[in-house]
Structure formats: structure tokens, C-alpha cells
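The sequence and structure are shown first.

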Amino acid sequence: MNVPRLVIAAPSSGSGKTTVATGLMAAFAERGLAVSPHKAGPDYIDPGYHALATGRPGRNLDAFMCGPELVGPLFAHGSAGCDLAVVEGVMGLYDGAAGRGELASTAQVAKLLRAPVVLVVDASSQSRSVAALVHGFASFDPQVRLGGVILNKVGSDRHEVMLREALEEAGMPVLGVMRRVPQVATPSRHLGLVPVAERRADAVAAVAALAEQVRAGCDLDALMALARTAPPLDCAAWSPEEAVSALAGPRPVVAVAGGAAFTFSYAEHAELLTAAGAEVVPFDPLHDEVLPEGASGLVIGGGFPEVYAPELSANEPLRKAVADFAASGGPVAAECAGLLYLARSLDGKPMCGVLDADARMSERLTLGYREAVAVSDSSLAAAGTRLRGHEFHRTVVEPGAGAAPAWGFTHPERRVEGFVRQGVHASYLHTHWAAQPSVARRFAEAAAAHR
């Protein structure tokens, strides 16, 4: 496959990657191009803005969770038929999984995709030094092709001239200059940007404003020309239908939680469930008082139930329906926010009461990649199944594990975590099912058996 592509990177977090990447996606989409949006790393929130900018699912490329060998195929799957792909990096260009060298870094993703990199530099407190900074990033790994720079937070015409002169000396093209202006309103809270689903009208306006900033400050034609220099990728596109075989017989209905409180999901999960023979039906625990008709499996992913604890608690009919479903032995896969929703309480507000545990907000951020092995047989994984995932939360569940834990973490620390009870598998661990498609098939089988 040969889709023109760019990786948008930066020397560090906070340089403006999301602003530039989302703005570029929207600006090119406004030109009538089919733009494929991607995010390096495990983050769920930025892809929501990418999807808004392009009208296509935002997809993650995570070399830790899925393995380097799946980065190219997953990219090819997401970008099939597109005119351009834009990949937003994670952290600084060369930052990856702690203690693992380049693994899961933006640089590794760029090399796997054979894609040129555009470095977004916060130039607010430098002039000629920008050349030394960019030279260091360009020369650190000769296999990373740095194709140009977008200067962000430039203060004045004179400042721009000094920066351009320095980079001309270094032989590095300047592909855009973004002025130091009031930031587009993209509010944040304890886990990053507020998801699109919670502020859709404002998010639409924000993405339009980002596109305007990028159009005004960046050379879109030069960026497209750079994207076209990416050579063909020698890999086949990942296919959910090839990853799992479909069940025989009637399709079980798998209800997937959504709405403003449950916004964290990878597009490939629903695709794998569908390929495995399930009918995927969304529901919103904030507003729906009954589960989807015929539901024989529940998937309750990540999000921000702590922000909506009063509203989730007030929807007593659905809480009871979920509890009754779990009590009947129905398969439930709950990740992070789903774990909190299944607990007895969240910050003192009654939840579903499926688990003998209580959840509360914490001052401590738990963040990082994990290597895990399934401790107990469950509707999601057979004991002994190995997966890589990540944790990302500011909550605590007490106790942290049930009599039958979900996972045993083997790296970076050894501990057991989560709950397996009848058909319920509940844990803080976020996983990417493309790395282990048998998870989707096993869950679809459990749903079919429960029906």
C-alpha cells in the first residue's frame, strides 16, 4: 500500500502536537481529501478529536500493546482508500516505554511506517538555539527522517525571521509558523483533554478553529508534498475477519457502553466482535433505563464515571438491569471505568453492586504500561493468557482484587488485580484486542452461550 503520510512529533509534551495534528487533519479534510487519523500510543482522548476533524475513526498505533509487527498492518487497515494519513505522536519524539529503549516511541512508529516526521517546536523562549535543538533531533537516529519543522508560539515578525535564519543555516525546512495567540478552547482535567462526547458542539467549534490556525500558519502544499515522499509499505492490511472466525448460528447481541461517561474504546474491539459473529449495539448508562433488547453480553470500557457519578447512580433502573444480568451469569467485560461502575459505590454514590468493592477518587495518578497474565478463567480470557496493556486513572478500588483476580502483573511490578466472578471480568487494565483476537472470539462465544 502507498498512502501519503506524515508523523507529527515534538521534542516534548506540551509543544503543540495535538493542535497541529488535529488542525492539519481538519484542514486537509476541508480540501475534500479522505484523511486517515492515527495516534501513537494508548491515548483514547485525542483520537476523538481526530475523528471529529476527519469523519473517520481515530485509531491508535501502539507498539507496546500490539507489538511492532502489527503497527504497519493496523495502519494499513485504518488508512485503506485514503488520500492522506496523519499520525500524531506521543510525548517527545524519542520517548517510549520506560526502560525499553525506543519501544512504543513516536520514532519507532515513524520508522515502522517509513513516514517522514514533522517536528512541532515550541519556539516561545528561543531564537538561534532552535537550530541546535532541531539538529539534535534530526541526527539522534539516522533512520528517523525529519522532513521539516513547524514553529509554534512565535512571538513576532522579528522572532520569526531569527528562527527561520537559524533553521536555514541548519538546512531544515520550515513548513509552518504558528503565532503566540490565545489557545483554542480545549479544556483539560485530571486525565487530559475533555473528550469530544462531553462537549460536542464546543469541540466542533474548537476543531474548526484549529483548522483555521493551521491554514493560516502552515504550508499545506509543502506538507502534502512531503507526505507523498513516503515509500510504499510492504505489509498486508490487518483484517478483523482474518483475525477471528465467526460463530455458527444466530448472532448474539453484545451491548457496548457509550455516551459521555464511557468514551474510551479502540475501534478494533467492535470490529473484532462483529467479525466473531456478534451484533454490537451501543447503550448509554447515563440515559438508557434498560439494556438493549436481547443483550447477551456487556462491554463496559473506560471513561469518566467519576465525573458523572451522581447521574449514573440516579439511573437506578439500569444499575439494577446490569446487576441482574451479571447475577444471571451473563458475560461482562469491564475496563477501568467499567470496573468503577460495577462496584458497590463510587465516591459514596451507589453503583451497580456487582463487585464487593468500593471506588473513590485519589490524588495519585496511576499511569503506565503493564505486562499481565490472566490468573483466572473468565469470559474474556483463559487462565495463562498473556497480554500487554496500560493503566490510566486517578481512582482507587478497595479491595484491589477479588478472591479470583483478573490479572497478575509481571512487569513493571508484581501484583494481582481485578475481579473474575461468574461471567464478569473487571479490571483497571486497558487492553488492545487486536494483539490477542482470541479475547473477542471467547467473549462472543460466552455471549452466544448465555443467550
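In this predicted model, helices α1 and α2 are roughly parallel to each other, because their axes cross at roughly 20° and angles under 35 degrees count as roughly parallel. Helix α2 spans residues 45–54, and the two axes come within 8 Å. The crossing of α1 and α2 is right-handed. On the α1 side, the contact is formed by T18, T22, M25, A26 and A29, and on the α2 side by D46, Y49, H50, A53 and T54. By class, the residues of this contact are five nonpolar, four polar and one charged.

**Nonpolar cores**

The largest nonpolar core contains 113 residues, and L151 and L223 have the most contacts inside it. Helix α1 is the element that gives the most to this core, with seven residues. Beyond residues up to four places away in sequence, L151 touches V121, A123, V130, L163, L167, V174, G176, V177 and M178. A separate core of 39 residues lies apart from the largest one; V253, Y308, L312 and V354 are among its members.

**Two buried positions**

Residue A10 sits in the loop that runs between β1 (5–9) and α1 (17–30). Is A10 buried or exposed? A10 counts as buried, because its relative accessibility is 0% and the cut-off for buried is under 20%. With neighbours within four places in sequence left aside, the contacts of A10 are S15, K17, M91, G92, L93, L119, V120 and F137. The C-alpha atom of A10 is 7.6 Å from that of G89, although 79 residues separate A10 and G89 along the chain.

Residue G297 belongs to strand β12, which covers residues 295–300. G297 is also buried, with a relative accessible area of 0%. Which residues does G297 contact, leaving aside neighbours within four places in sequence? They are V253, V254, A255, F325, P331, F443 and A447. The C-alpha atoms of G297 and A132 are 56 Å apart, and the two residues are 165 residues apart along the chain.

**Backbone exceptions**

Most residues other than glycine have a negative phi, and most peptide bonds are trans. The exceptions described here are listed in the table.

| Site | Feature | Value |
|---|---|---|
| E398 and P399 | cis peptide bond | omega about -5° |
| H411 and P412 | cis peptide bond | omega about 5° |
| A104 | positive phi, not a glycine | phi about 70° |
| C336 | positive phi, not a glycine | phi about 60° |

P399 is located between β17 (386–398) and β18 (407–411), and P412 is in the loop between β18 and β19 (415–417).

A104 lies in the loop between β4 (84–88) and α4 (106–113), and C336 in the loop between β13 (332–335) and α13 (337–342). A104 counts as buried at 5% relative accessibility. C336 is buried too, with a relative accessible area of 5%.

How values were computed:
Residues are numbered from 1 along each chain as its sequence is written. This is a predicted model: local features need pLDDT of at least 70, side-chain atom pairs count only at pLDDT 80 or more; totals for chains, interfaces and linings use all residues. Side-chain values use heavy atoms; hydrogens and water are left out. Helices (H or I, at least four residues) and strands (E, at least two) are DSSP runs, numbered from the N terminus. Buried means under 20% relative accessible area, exposed over 50%, partly exposed in between (1.4 Å probe, protein chains only). Contact means heavy atoms within 4.5 Å. Axes are lines fitted to C-alpha atoms, for helices over the stretch in contact, and angles run from 0 to 180 degrees between N-to-C directions. Angles under 35 degrees count as roughly parallel, over 145 as roughly antiparallel, 65 to 115 as roughly perpendicular and the rest as oblique. A crossing is left-handed if the near helix is turned anticlockwise from the far one by less than a right angle, and right-handed if clockwise. Ala, Val, Leu, Ile, Met, Phe, Trp, Tyr, Cys and Pro count as nonpolar, Asp, Glu, Lys and Arg as charged, and the others, Gly among them, as polar. A nonpolar core is a set of buried Ala, Val, Leu, Ile, Met, Phe, Trp, Tyr and Cys residues joined through side-chain atoms within 4.5 Å.
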